[in-house]
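Biologist: Hi! Could you walk me through this protein, step by step?
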Amino acid sequence: MSATTKAVFLRSLLPCFVALALAGCATTSPPVTVPPPTPVAAVAQPEKPKVVYGQFAKDTLYDLLTAEIAGQRDRYDIALNNYLIQAQNTRDPGVVERAMRVAEFLGAHQPALEMATLWTQVDANNPEAFRAAALHLARAGEHERAMLAMQQVLRMQGETHFDFLALAAAQTDEPTRAAMLKSISQLLSSNPDNAQLVFAKALLLQQGGDDEAALAVLNQHPHAARQPAALMLHGRVLAARGQTQEAIEMLQQGLTDHPGDTRMRLLLARLLVSSGDLNAASQQFSTLIEQNPHDTDLLLSLALVHLENDQFTEAASYLEQLIQTDPQNDTALYHLGIAYYELERYEAALQAWLQVQAGREFLGSRLQISQLLAEQKRLDELAQIMLTERAANPDVALPLYLIEIEILGTHDQQAAQERLSDALRQFESDTSLLYARAMLAEQRADNAAMERDLRRIIELEPDNAMVLNALGYTLADHNEKLDEALAMIERAAVLEPEDPAITDSLGWVHYRLGNLELAETFLRQAYASFPDAEVAAHLGEVLWMRGKRKEARRIWEEALKDSPENELIRSTRQRMEIN
């Protein structure tokens, strides 16, 4: 545990130990009575509660002293164990509370729950005890008991957290949400100005899929609905219904009343990003950073907004600032490389990507490095870097091979073939490598080699829909072994019935078999879900052969608007019109 964490822990123990030195932990919570309403000016100063010290046996004092020393020496297990034992033995409210706090600090949820429950038993007039019990019960999934405990806090006029209970219940099953909603609704009817109850009811309705009812609750309680949590819920519901601009305007108004609310401003910034107003989003993130100057996540978000807005100089500046604070932030380094690349600072981009360590951005950064070095025809340097990376990161050696092979395939096929051979010696019969080799064979028109590798993959993975489709389509496109091609593609369609590429292949193989009506049906279906240039070429050809030439030309022309350089459409149209 860090020195800072240890200091926090010790501060939590020292007050109790000081009390112990005086002869026992203090019990300071007198019975709570609810006085009748009194005008503000006439409220008398409450009498300071008497401090009553419990008398502890020597063994108890010894255990508690041991717990304090154990905490100082990083033996938090001993500290917690001693407090738990003495809490049960003494049933002293101060010791019980302290045991719960230590358990909370250490993330020991079950002991914390047990101590919170015990606290309500030994200090039954303390609203803080019931509040703590309610929170721990909710965290443990005991929502009904949590609700009863929090209702007790409300009766005692203590600080409630019905919002937390609703948040805990919102992600559970429908019966739990319904029971919580019923209890919340009953309480709200007698406490209509309680902002937590308004938020809790609206949240549970929204989580149950009833957005209209959730909005109605917020609109029926306008004062409570102006609180930050309710405003943000309102904004999220509106945005989910497509009313993003209305949500933005509402949150902007809310920030005039709550200018320091970080979560509300962050939600507004994200909605602005989703609406495409990147300049306004940037302003909100800038304000957030002014209010939270040490929050690196906000700094990263601002940099990414600038990057998305093609403001590469500003993005690089913020990312450099972030990396000064957090030099091992891989996400920042990765995007800094992108900003440098767009600014044509290629060596700086390369160095930024090379600093990305193993993690979420690692493979992406190596792909960027590979593309950059290939563009600059520095293939020998690329080979050396990837060799070093595979040696240093053996767990990702295979994807590193695949990245290099993919890049080399478009720049140096011979080098790509050599790297494939190296990879297959290390990862014999790996299907991703076999597929890569098949695609290289297709590029050099070696159909026999491609077919051989694809068949080998199917032997190893008979339910690989992508490969079944690839081989079936290839056979159909070459007008070979059409019955086998149809069987393969139909098998792929069973495995992936919603894949438009497979539907396109079904149409194409039926066209080759002469089943023009069936071919048209499948190709129309594929084109409707995926209006790709290749699908357009296929559908147009089938329509042409069925005498629907006007529609065929229209489809080709539509596809050429999106892909004006597509050779397949042009060659197909030329071939059809000649015939």
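Predicted model: local features only at pLDDT ≥ 70, side-chain atom pairs only at ≥ 80, totals over all residues.

Biologist: Great. How many helices and strands does the protein have?

Modeller: There are 32 helices and two strands. The radius of gyration is 34 Å, well over the 25 Å that the globule rule gives for 579 residues, so the protein is more spread out than a compact globule. Along its principal axes, the C-alpha trace spans about 105 × 55 × 50 Å.

Biologist: And what percentage of the residues count as buried?

Modeller: Of the 579 residues, 45% count as buried. The accessible surface of the protein comes to about 29,900 Å², and 50% of that belongs to carbon and sulfur atoms.

Biologist: Let's zoom in. What caps the N-terminal end of H14?

Modeller: That is Asp261, which has a side-chain oxygen 3.3 Å from the backbone nitrogen of Arg263. After H14 comes Gly276, with a positive phi near 90°.

Biologist: How far apart are the end C-alpha atoms of H14?

Modeller: They are 20 Å apart. Helix H14 covers residues 262-275, and its 14 residues should span 20 Å at 1.5 Å a residue, so the two values agree.

Biologist: Which helices do the buried residues of H14 pack against?

Modeller: They pack against helix H12 (228-240), helix H13 (244-257), helix H15 (278-291) and helix H16 (296-308). The buried residues of H14 include Met264, Arg265, Leu266 and Leu271.

Biologist: Now H4, please. What caps its N-terminal end?

Modeller: Asp92 does, with a side-chain oxygen lying 2.9 Å from the backbone nitrogen of Gly94. Helix H4 (residues 93-105) has 13 residues and reaches 18 Å from its first C-alpha to its last, close to the 18 Å expected. Among the buried residues of H4 are Pro93, Val95, Arg98 and Met100. Just after H4, Gly107 has a positive phi of about 75°.

Biologist: New topic: how many salt bridges does the structure hold?

Modeller: It holds 34 salt bridges. In general, side chains of opposite charge can pair when their charged atoms come close. One example is Glu459 with Arg456, at 3.1 Å from N to O. Both residues lie in helix H25 (residues 447-460), three residues apart, or about one turn of the helix.

Biologist: Is Glu459 buried or exposed?

Modeller: Glu459 is exposed, with a relative accessible area of 59%.

Biologist: What about Asp477, which residue does it form a salt bridge with?

Modeller: Asp477 pairs with Arg512, and their closest N and O atoms are 4.0 Å apart. This pair links distant parts of the chain, since Asp477 is in helix H26 (residues 465-477) and Arg512 is in helix H28 (residues 500-512), 35 residues apart. Asp477 is partly exposed at 31% relative accessibility, and Arg512 is partly exposed at 27%.

Biologist: Last one: which residues are linked in a network of salt bridges?

Modeller: Glu520, Arg524, Arg546, Lys548, Glu551, Arg554 and Glu558 are linked that way.

Technical notes:
Residues numbered from 1 in each chain as written. Heavy atoms only, no water. Helix = DSSP H or I, 4+ residues; strand = E, 2+ residues; numbered from the N terminus. Expected span 1.5 Å × (residues − 1). Buried < 20%, exposed > 50% of the residue type's maximum accessible area, 1.4 Å probe, protein only. Contact = heavy atoms within 4.5 Å. Polar contact = N/O pair within 3.5 Å; in protein donor to acceptor, adjacent residues only side chain to side chain. Rg over C-alpha atoms; globule rule 2.2 N^0.38 Å. Areas by Shrake-Rupley, 256 points an atom, 1.4 Å probe, with all protein chains shown as cover. Salt bridge = Lys/Arg side-chain N within 4 Å of Asp/Glu carboxyl O.
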